[in-house]
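Here is a friendly walk through one protein model, meant to be read with the structure open beside you. Take a look first, and then we can go through it piece by piece.

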Amino acid sequence: MKLYLHLYFNRTMSFVLTVFIILMIGYIDVLTGTEMAFSFFYLLPIILLAINSNVNLIDIITCSVVAASSWSYSEYAHISLSNTFFPIWNSTVRLLIFVIIGTLIYRLKEKENRIQSTNQKLKKLNLEKNKFIGIAAHDLANPIGAINSFADLLIDNCAQNNLAEVSEGLEIIKTLSANTMAVLKNLLNVAVIESGKIDLKMHQEDYINFIRNQITYNQIVAKNKCIKIELKTNLQFIPLHFDTHYLSEVISNLLSNAIKYSYPESTIIVQVSQEDNSIITKIIDNGKGIPEKEQQNLFYYFEKSSTQPTAGESSTGLGLAIAKQIVNLHQGTIGLKSKINEGTTFYFSLPMKK
């Protein structure tokens, strides 16, 4: 409201000042006879007004009418007219000149503002691109470097027939490779989504059975922390149109986050319900929770919570942003509710096809 009043005040002051200047020029013109009648002075205030980014086109037209009227009055104030055609014609031509020039400058100013706005957006995108490349390079360089180091170690140990250390090294390589592939997968998803070339393969599936399968897949990861994933729903069968590949990305990202931030030997609840013509899916954990001021930013690329995973797991800051884009492409919505030390609930809705 304060911003609106500030802009309106500036616009009003610019308009009033322009009218005042035009009337003063007209008054001087009346005092000097017709010596200034064909001068450039009437057009200058209109040009200055058109340059002001706060004014509207109606302001320019109004001031043009005032300028043309003032000019005509100053010219014919002391002249006895025998024919009204020429004064009207002159006033009309002057009005058109003022309006056309003022409008052209106004449009050029608008175009310049749009160009400046676009440049600012491009600069911001360029910064995000650089940030994207930096994070990607950092996240990929560390595990790949470690894989290379352990590969050298395995070669040496194999030569010495130290099978115990070989087995341990293989486990580390497996973990690091999985982390690297997760980062690459997220980067590829971002590239496809942001390019606008994503092609959803929408077809009808039993959503409950789909969720059960996703729980089964993620339960394997959850076992490492002795976490149990349970499905709670009163629905037995839901025919829903969705892309199984991309929606599995959403479920996996949300369950992966729940596992990372849940305490060992806890339970994660996946709740599915129907509200009106939408299916609501909730992933509920009893983990550390997320600070309120950070919650909305988590759905942007590279945004991470200050809350640390319970077992030191890593995060790229891409999963939730990808999930949001995929849910949006399904014409759905996504959000979260969380309190520190009381856990987090991520939820998303998908429309049911009528």
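## Salt bridges

A residue counts as buried under 20% relative accessible area, as exposed over 50%, and as partly exposed in between. Glu110, with a relative accessible area of 25%, is therefore partly exposed. Please keep in mind that this is a predicted model.

Which residue does Glu110 form a salt bridge with? The partner is Arg107, and the closest N and O atoms are 3.0 Å apart. Both residues belong to helix 4 (residues 85–159), where they sit three residues apart, about one turn of the helix. Arg107 is partly exposed too, because its relative accessible area is 43%. Side chains of opposite charge can pair when their charged atoms come close.

The count for the structure comes to two salt bridges. Lys228 and Glu230 also make one, with 3.4 Å between the closest N and O atoms. Lys228 has 47% relative accessibility and so is partly exposed, and Glu230, at 26%, is partly exposed as well.

Now to the surface. Leu17, Phe20, Ile21, Met24, Tyr27, Ile28 and Leu31 form a nonpolar patch there, and together they have about 690 Å² of accessible area. One of these residues, Met24, is found in helix 1 (residues 2–31). With 35% relative accessibility, Met24 counts as partly exposed.

## Ile51 and its contacts

Ile51 lies in helix 2 (residues 43–51) and is partly exposed, at a relative accessible area of 40%. Leaving aside residues up to four places away in sequence, Ile51 touches Ile105 and Lys109. Its C-alpha atom is 8.9 Å from that of Gly102, although Ile51 and Gly102 are 51 residues apart along the chain.

Strand 4 (residues 267–275) runs antiparallel to strand 5 (residues 278–284), and seven bridges join them. Val272 has Thr281 of strand 5 as its bridge partner. The hairpin of strand 4 and strand 5 has two residues between the strands, and Asp276 takes a positive phi near 55° in this hairpin.

Strand 5 also pairs with strand 7 (residues 343–351), again in the antiparallel sense and over seven bridges. Here the bridge partner of Ile280 is Ser349 in strand 7.

Definitions and conventions:
Residues numbered from 1 in each chain as written. Predicted model: local features only at pLDDT ≥ 70, side-chain atom pairs only at ≥ 80, totals over all residues. Heavy atoms only, no water. Patch = residues over 30% accessible without salt bridge, like charges linked within 9 Å, V, L, I, M, F, W, Y side chains within 5 Å. Areas by Shrake-Rupley, 256 points an atom, 1.4 Å probe, with all protein chains shown as cover. Salt bridge = Lys/Arg side-chain N within 4 Å of Asp/Glu carboxyl O. Helix = DSSP H or I, 4+ residues; strand = E, 2+ residues; numbered from the N terminus. Buried < 20%, exposed > 50% of the residue type's maximum accessible area, 1.4 Å probe, protein only. Pairing = 2+ DSSP bridges. Contact = heavy atoms within 4.5 Å.
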